[in-house]
Amino acid sequence: MPAIAIIGAQWGDEGKGKATDVLGSRVDYVVKFNGGNNAGHTVVIGQGESQQKYALHLLPSGILTPGVTPVIGNGVVIDLGVLFEEIDGLEARGVDTSLLKISASAHVIASYNRTLDKVTERFLGSRRLGTTGRGIGPTYADKMNRIGIRVQDLFDDGILRQKVEGVLELKGQILTKVYNRRAPEVDEIVEELSSYAERLAPYVVDSGLLLNQALDRGETVLLEAGQATLLDVDHGTYPFVTSSSATAGGACTGSGIPPTRLDRVIGIVKAYTTRVGEGPFPTELHDEFGEHLRTTGAEFGTTTGRPRRCGWYDTVIARYASRVNGVTDFTLTKLDVLTGLEKVPVCVAYDVDGVRHDEMPVNQSDFHHAKPIYEELDGWTEDISGCRTVEELPAAARAYVARVEELSGARISAIGVGPARDATIVVHDLA
């Protein structure tokens, strides 16, 4: 079987975790291929008194599906303390994490990078990027500067010490002379990282080999993005982006699976749009409708708890995400949040200084000044959380889905109508 990628098609928080979980029972491997604990997935299992909510940060959503092998790929940066906290939290709730595999080539986040992330953001002041302060960006910078520390380095004391000495020659100078902070000692960092080695060892594998062999056996591999297309370091709203590749191309480089084995790309979009952190957001709402979306949709960050910025659905960025990723199918989530609105605007293009743009402006400055051109669609008042077929949706909701599909660049194959795992309408088979 081929590999399937699940990609966020907006600015993140679209519901990738739920989409992954819905497919999870039909796949053999679920792979996190980028990012770190700077983003999270919320997965809700069950209903009523038996309902269980899980907030995942580093672990792939497949960890919650029995029999699925969850993999942390080489493109991820790992805070080992957070990783084991998350594992322990799931084990305490009866979730088996023994199948977890971790790439030997994934980079680890050291304490000095968490410190640098926080002080750099404060130093930027009004030009801050809105990072989570968890050391993600500095760790990816180390990776590109070829001074990073990888999982495999923790098992060779000589190599680990040599690498730490090298990186602290640079980081120590930056911390003390630029930011007036104490530079950590080599022994301190070596002890911090090596303390995880024994517990980490059983999980560590050559993940690229593992996944390609699985595909050779006819098994299905699901590649799960952290963050989203508009936060991709190359294709997002730079510089207000993450530090990794969150697109379908990143799924290949972050997992070791070649592009020729990627058969389906599922883009996840909310029925409206949200964003966390700084940066342009053409359809952002600063009124009662924005508050309605935030409150009704529980739009607060899984990792940070920060309130998300909310706005109407933007078909321009959906078309952009479709093109950049080669989206074959969209999953439209949180359609139920729009219930009760008399009219539901959809952004179909931008106005930039009097010029209409039907596609993403090439210049970031133009995008920053873009004003949405809306098409208003009728709303609905009926409760749709129990709908399991398109035909059961109210006529206005069906019309909304059809128009969004027409404007977004790919077919809509699944529709989320509530937070629970089974609150999904499957229009076309995704696996």
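Where is P239 found? Select P239 and you land in the loop between β10 (221-224) and α9. Helices (H or I, at least four residues) and strands (E, at least two) here are DSSP runs, numbered from the N terminus.

Before you click on, some ground rules. Residues are numbered from 1 along each chain as its sequence is written, and side-chain values use heavy atoms, with hydrogens and water left out. You are looking at a predicted model, where local features need pLDDT of at least 70 and side-chain atom pairs count only at pLDDT 80 or more, while totals for chains, interfaces and linings use all residues.

**Stop 1: the cis bond**

A cis peptide bond joins Y238 and P239, with omega at about 10 degrees.

**Stop 2: zoom out**

Now show the whole chain as a cartoon. There are 13 helices and 20 strands to find. If you draw the C-alpha trace, it spans about 65 × 50 × 45 Å along its principal axes. A compact globule of 431 residues would have a radius of gyration near 22 Å, and the chain agrees because its own value is 22 Å. That radius is taken over C-alpha atoms, and the globule rule is 2.2 Å times the number of residues to the power 0.38.

Of the 431 residues, 55% are buried. Buried means under 20% relative accessible area, exposed means over 50%, and partly exposed is in between (1.4 Å probe, protein chains only).

What about contacts (heavy atoms within 4.5 Å)? Among those between residues at least 6 apart in sequence, 75% join residues at least 24 apart.

**Stop 3: the annotated spots**

Zoom in on D13, in the loop between β1 (3-8) and α1 (16-24). D13 counts as partly exposed because its relative accessibility is 23%. Leaving aside neighbours within four places in sequence, which residues is D13 in contact with? Look for K270, T274, V276 and R308.

R308 sits in the loop between α10 and β13, and R308 is buried because its relative accessible area is 6%. Select P307 as well, in the loop between α10 (288-296) and β13 (309-311). Beyond four places in sequence, P307 is in contact with R294, E299 and F300.

**Stop 4: a buried loop residue**

Go to S255, in the loop between α9 (248-253) and β11 (262-270). Is S255 buried or exposed? S255 counts as buried because its relative accessibility is 1%. Show what S255 touches, not counting residues up to four places away in sequence: V31, F33, N74, S207, G208, L211 and L223. Then draw a C-alpha to C-alpha distance from S255 to V119, which gives 31 Å for a pair 136 residues apart in sequence.

**Stop 5: two positive phi angles**

Select N180, in the loop between α5 (157-178) and α6 (186-194). Phi of N180 is near 55 degrees, a positive value in a residue other than glycine. N180 counts as exposed because its relative accessibility is 69%.

Then pick K334, in the loop between β15 (329-333) and β16 (343-352). Phi of K334 is near 60 degrees, again positive in a residue other than glycine. K334 counts as partly exposed because its relative accessibility is 24%.

**Last stop: T328**

Finish at T328, in the loop between α11 (315-325) and β15. Not counting residues up to four places away in sequence, T328 touches D263, R264, V265, A410 and R411. T328 is partly exposed because its relative accessible area is 32%.

How values were computed
Contact = heavy atoms within 4.5 Å.
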